[in-house]
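Please look over the sequence and the structure shown here, and then read the briefing that follows, which is grouped by topic.

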Amino acid sequence: MPVSRMALWQTVERNRNMNITYNEKNRIFKLDTPNTSYCIGVVDEENFLGHVYYGRLLGSDDLAYLMRTGEPPFVPSENNRDRTSFLDTFPMEYTGHNLGDYREGAFSVRTMGGHTGVSLSYVSHRIYDGKEALDGLPATFGGNDECKTLDIVCEDSILKLQVVLSYSIFADTDAIARSVKVINNGGDAIYLTKVLSACMDMDNADYEMITLHGSWARERAIQTCPIRKGKQSVGSVRGESSHQEHPFMAWKSRTVTEEAGDVYAMNFVYSGNFIAQIEESQFGSIRAMMGIHPEDFCWKLEPGERFQAPEVICVYSAKGLGGMTRNFHELYRNHLIRGIYKDKKRPILINNWEATYFDFDTDKLLDIARQASALGIEMLVMDDGWFGHRNDDNSSLGDWFVNESKIKGGLKYLVDEVNKLGMKFGIWVEPEMISPDSDLYREHPDWAIQIPGRVGSLARNQYVLDLTRKEVRDCVYDRIAAVLRSANIEYVKWDMNRQLSDLGSLGLPADRQGELVHRQTLALYEMQERLITDFPNLLLENCSGGGARFDPGMLYYSPQIWCSDDADAIERLSIQAGTALVYPLSTMGAHVSDCPNHTVGRTTPFETRGYVALAGTFGYELDVTKIPEADRNRIPEQVAMYHKYNDLVRQGDYYRIAHYADNHFYDCYAVVAKDQSEALVTYVQVLGRPNVHSRRICIPGLDSEKTYVIENAADWPEIRQTAYRGDTLHYAGIHVPPISGDFKARIMHLKEK
Ligand code: DGJ
């Protein structure tokens, strides 16, 4: 087939997997992804938008009967005396405020007259191929043959306020990207006091809510709770997505498994304050909402201005939690991550943070680099402490000038020497911060976020720079860009080690102080966009005191994010399982660190640390000149292991098999190649137990008809049979023998015969 006809055929084939229609007769919008349908209805006369259906793919849009308009006494046109009853129960697609819907809403305003009533009705719509970028915000993307978009224009005719609800669907993934744009067509300014990005009303089918929680060094532990009457929410008002709670929630039927059952989920493509909430109403319906946290948020919209709220990704999976996970992974790998490393293996790095902390100089770094390069490690990353006069965490943030009393001979000399060893060089920065002990602060004390007249609250002895001011952004960016241009720097770790407080900007007028946190997040995005545009070959890794800003917003700029400051292999099982619930393994910054582990003091075998880090980007966080020789001698083997399996780990389908946080003894997961030709199973026996049977493990995702052999059978001497059919591995499973000792891990490589 000629290439152009082939391309056309592929386009047609792919488009068959997605469709958006509007049926003028029954006034139903229907969005079809490969396996799901999402339906919105328009209520006659008042033109309210109602949520009708989200679930398995349907063949028909004949669903107007599901709109809860005809349930006396709740019919607005027939029974206006009970209008609030209607508004308070109708499953709204996106809410107004203060006119009778007493459930918490997604949108609220304050007029110049001080009033807060707002009501949105359908006006028009547009369906088009492709997806438009969101102004200044990270967002999923795709070509005209890869996605389709529905924009529904709603209006409050009294306020002359337009609200555009956007829905994009993808031909290759069961996901819907939703966002909201507000346009002030009125003659007066208006304050937006809440603009959430997605709202979904549906009946509660005895659902449970899944959220991710944690703290520094304990990020993203999975929590599951029944949904009860009233509101349950997670959120952050810390100016970042945070260690503590995560901009993700799912709700699922109680009986759901990894492979079957209904799961709904929302994930926010945003890195600032957020709220994710489910409210169960008096009639047992639930309202799920996600968006920018309304606390301290107030955006003044002048006549003619628009406000763009960030994007929420909605997923429905009938194939259980595993199906949900793989939808997110697929979407983010194909339609969110950008740049030259999007589909590429990342260099194995060694980072000097846990090796030296602030106590390093050129000689020490070169010693590490020499030893590391001889072992096959491919990049040296110089962490915190190379600038100003920073020898601990009390000074110099903002003074982005190389400290030549530590980096003797200058940065270019160091980088050239590292390059001569055949290694790349990377550097750490923390652009959003300012130390009180810095020349920058002495010159510009007004550049810190602060409330006039109050002594600012320090965290790690630093303040946050007010990046809403262009002169601040430009100054910091130019200083860092000059460092990056001064030598062959191929990687940047962008850190952020404190959360926002003392919300006040000396650059904003009184009636715009409520814009600060969102503007700060937009400023961060603007700076990172500038960075990856000016340095397109750079590998950017985001980080925030470990994993406090591991979110889809940051993934738009960096293909990987440091997961946690806790690199202990056992703690990482939970951290990585929670992270991989939503994010692809290719994005999880994971390193082999020294023992006893610096965070928990635990000693685990070097192999185990390697196997656990293999599930992420893979690197080292130790002084390779000082670790035991036996460990050092294992590094070439681990390097070879990374090169052998990383394509599979990065690109394959991830399956959870058993989770240590649930069973307290072992962890097991698999990555299966897209063409089902191979799989890598990782098994970690956390605690050894006396006198136990072997454990049966079922390995899903394989081709039932194919036969697989254990390619590394020598590592599993206890297993005598080495060839199995895919369906046998999936449904009957294999027996994993008990391994003597704690914290022991092994991998099994299954290859199609
Ligand atoms: C927090 C990061 O997570 C660490 O890896 C390290 O870069 C320190 N900050 C440096 O201050």
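A polar side-chain atom of Asp495 lies 2.7 Å from a nitrogen atom of the ligand, which makes a polar contact, that is, a pair of N or O atoms within 3.5 Å. This is a predicted model, in which local features need pLDDT of at least 70 and side-chain atom pairs count only at pLDDT 80 or more, while totals for chains, interfaces and linings use all residues. Residues are numbered from 1 along each chain as its sequence is written, and side-chain values use heavy atoms, with hydrogens and water left out.

**Around the ligand**

- A polar side-chain atom of Asp383 lies 2.7 Å from an oxygen atom of the ligand, and an N or O atom in the side chain of Asn497 is 3.3 Å from a nitrogen atom of the ligand.
- On its own the ligand has 300 Å² of accessible area (by the Shrake-Rupley method with a 1.4 Å probe), and the protein covers 99% of that area.
- There are 13 residues around the ligand, each with a heavy atom within 4 Å of it, and those that come nearest are Asp383, Asp384, Lys493, Asp495 and Asp565.
- The shell around the ligand divides into 4 nonpolar, 3 polar and 6 charged residues, where Ala, Val, Leu, Ile, Met, Phe, Trp, Tyr, Cys and Pro count as nonpolar, Asp, Glu, Lys and Arg as charged, and the others, Gly among them, as polar.

- An open sheet of 9 strands, with parallel pairing, has the order 29-28-27-26-23-22-21-31-30; strands here are DSSP runs of E with at least two residues, and helices are runs of H or I with at least four, numbered from the N terminus.
- The edge strands, each pairing on one side only, are strand 29 (588–589) and strand 30 (592–593), and two strands pair if DSSP finds at least two bridges between them.
- Strand 27 (residues 539–542) pairs with strand 28 (residues 560–562) in the parallel sense over 2 bridges, and Gln560 in strand 28 is the bridge partner of Glu541.

**Cavities**

- The structure holds 8 cavities of 30 Å³ or more, a cavity being a set of points on a 1 Å grid over the protein atoms alone where a 1.4 Å probe fits but cannot get out.
- The largest cavity has a volume of about 110 Å³, a volume being the space filled by probe spheres set on the points, which are joined across faces, edges and corners.
- Of the 15 residues that line the largest cavity, Leu573, Ala577, Tyr654, Asp667 and Tyr669 are the closest to its centre, and lining residues have an atom within 4 Å of a point.
- Helix 11 gives the largest share of this lining, 4 residues.

Terms used: On a 1 Å grid over the protein atoms alone, a cavity is a set of points where a 1.4 Å probe fits but cannot get out, and a pocket is an open set with protein on both sides within 12 Å along at least five of seven lines; lining residues have an atom within 4 Å of a point. A polar contact is a pair of N or O atoms within 3.5 Å; within protein, one must be able to donate a hydrogen and the other to accept it, and residues adjacent in sequence count only if both atoms are side-chain atoms.
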